[in-house]
Amino acid sequence: MRRKLAHFIKAADGAAVPLSRTKQVHARLLLASPSISDDLRLRLLLLRSYAAGGDFTSAHHLLDGTPRPASALLYNAVIRAHARRLDLPAALALFASMRRSATPPDAHTFACVLRACADCSCPDTAKIVHGIASSSGISSHPVVSSALVSAYSKFLLVDSARHVFDGLHEPDLVLWNSMMSGYGYMKMWLEGLQLFSAMRRAGEEPDGYSMVSLVSSFCHHEALAFGQAVHGVCVKGGYDSGHHVRSTLVSMYFRCGCMESGQNLFGDLRDADLVTWSSLITGHLQTGKYDESFDLFRKMCYSGRRPDSILVASLLSACASTATISCSMEIHCYAVRLGVDKDIKVSCSLIDAYAKCGFAELGYLVFRQMAKKNSVMYNMVISNLGSHGFAMKAIEVHDEMVRDKLRPDSATFSALLAACCHSGLLDEGWKLFRRMRDEFHVVVEMEHYVYMVRLLATFNQLKEAYDLIQTMPMAPDCGVWGALLWGCCVHRDSSLGRVVAEKLSEFYPDKTAYKIMLSNLYASQEMWWDAEEIRAEMFKEGMHKNTGISWVGEVRK
């Protein structure tokens, strides 16, 4: 028994243990001596194994059976497991339970919860946790401070991150790197350089992570000279030997428009890893060289490197930009062979690529095969179906979304009303507009009014559209008035068109398009004097209509 227990402890320390093995060892321990499981280290290993295997029922049962006060290590292990699965509600529930118990949260507890908030993109929740940490007197702990700086940086709240950072007396290297990564996210290279210089003056030696954070901030041609200087620092300090530093340097050169240097740096690598290949491919994608990126992807696959879901999703985004269905289907098949087609990033990119290639039905089939859906996916599918004329199918997807207990938001109803506009469904549009306000209590925004006015104008209900505008709680913008003016032009209502055009000229005197629309409206009614008057006024003020341009891309094989 002791030999098997020692083997289990060694395995649990190194890697995930199969769930069946964890249950066997746990059962043997209980049969041999129930008191053995009171050992903290053993209980912690069992709990981690259950949580890693997804058996949170057993993990919570083990935690609840621990003599009180329970160690914070046990709570942290379960909270961390929930956080890794992006189950923020479960992590927060256990965090709240821990605060009510005799075991107060420690620095690592707060760090786990803050990382979960960052990974789930919940800045408001992170701010609440920050407040709890401050009231507990633990926010200045290096572990908590690092998590706060990192979280605020990921939320692009660099001012908040810097406020936390400046409140620290002696930040360590991890904190310096976290703050620099925040500037890297925001591409604030000047602030990043200043922080890097301050770190050197403080006597802190940078490491590879410091260089990655700093190099990530250089994003345009003006910063190229500074990026080259930092590259020199990397070579001099030996930091460029790390794969992540080299791949970041490759990406930096592509972002700054120095393609040759990026290509040469990549060519000097003897054994490029996946990160470096990804940097080269995404660098071509960011500069619009889609064909070259596809060729590089094929070369990478031939070299034996296995792409990850992030790279596959990036290539699918390129397919969406080029509207090439053949490439989209080819990468879809390859994703199926890799087993990453069910990944949420890949699935969303597939749905978007198929829709932009004109095959919204194929994107809908991908959506149907997904086991777990969120509101973003529902909104994307509703928008794609609506823009391709499948308004009733989009409304059915919305009903399914409600049945899945996902709450429609403002973007959902924008997509639905746009679908009704595209397909000319006036009654359904009115129903959705009322449900948005009365049933789901979604605040009606300007975009929603634009769609409703356009929908009413399509059916020559111009007076109803004008009355709706008068009931708006905010001042209508050019989109709302422009939709009504469009309806006046379609149905040749020159009297109302004049009123609307005067509103537009009052608020947007420099908009040429509206004057052209009104002039064309007068001309359609054979009101030549009024049409000529508007044209003469435009000529006098030096206003002119932009010339229309058509473009047809190359035919792709």
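# Close-up views of an all-helix model

**View 1. The nonpolar core around F218 and L484.** Among the 160 residues of the largest nonpolar core, F218 and L484 are the ones that touch the most other members. Helix α7 (residues 107-119) gives this core its largest share, 9 residues. A nonpolar core here is a set of buried Ala, Val, Leu, Ile, Met, Phe, Trp, Tyr and Cys residues joined through side-chain atoms within 4.5 Å. Buried means under 20% relative accessible area, exposed means over 50%, and partly exposed is what falls in between (1.4 Å probe, protein chains only). Skip the neighbours within four places in sequence, and L484 is in contact (heavy atoms within 4.5 Å) with V453, L462, A465, Y466, I469, L496 and V500.

A quick note on what you're looking at: this is a predicted model, where local features need pLDDT of at least 70 and side-chain atom pairs count only at pLDDT 80 or more, while totals for chains, interfaces and linings use all residues. Residues are numbered from 1 along each chain as its sequence is written, and side-chain values use heavy atoms, with hydrogens and water left out.

**View 2. The whole chain, for orientation.** The protein chain has 32 helices and 0 strands; helices (H or I, at least four residues) and strands (E, at least two) are DSSP runs, numbered from the N terminus. Of its 557 residues, 46% count as buried. Take the contacts between residues at least 6 apart in sequence, and 60% of them join residues at least 24 apart. The accessible surface comes to about 28,800 Å², with 54% of that belonging to carbon and sulfur atoms; areas come from the Shrake-Rupley method with a 1.4 Å probe, and for residues only the protein chains shown count as cover.

View 3. Y449 sits in helix α27 (residues 446-458). With a relative accessible area of 5%, Y449 is buried. Not counting residues up to four places away in sequence, Y449 touches F433, V444, L468, M472, P473, M474 and V480. G479 is 30 residues from Y449 along the chain, and the C-alpha atoms of the two are separated by 9.0 Å.

**View 4. H82 in helix α5.** Look for H82 in helix α5 (residues 72-84). H82 is buried too, at a relative accessible area of 5%. Leaving out neighbours within four places in sequence, H82 is in contact with F56, H60, D87, A90 and A91.

View 5. C117 counts as buried at 0% relative accessibility, whereas C120 is partly exposed at 23%.

View 6. A search of the whole structure turns up 12 salt bridges, each a side-chain nitrogen of Lys or Arg within 4 Å of a carboxyl oxygen of Asp or Glu. One of them pairs K154 with D119, with the closest N and O atoms 3.7 Å apart. That pair links distant parts of the chain, K154 in helix α9 and D119 in helix α7, 35 residues apart. Another joins R368 and E400, the closest N and O atoms being 2.8 Å apart. R368 lies in helix α22 (residues 360-369) and E400 in helix α24 (residues 391-403), so this bridge ties together parts 32 residues apart in sequence. R368 is partly exposed at 34% relative accessibility, while E400 is buried at 14%. D295, R298 and E330 are linked in a network of salt bridges.

**View 7. A nonpolar patch on the surface.** L156, Y185 and M186 form this patch, with about 280 Å² of accessible area together. Patches are made of residues with over 30% relative accessible area and no salt bridge, joining like charges within 9 Å and nonpolar side chains (Val, Leu, Ile, Met, Phe, Trp, Tyr) within 5 Å. L156 lies in the loop between α9 (142-154) and α10 (158-166), and counts as partly exposed at 44% relative accessibility.
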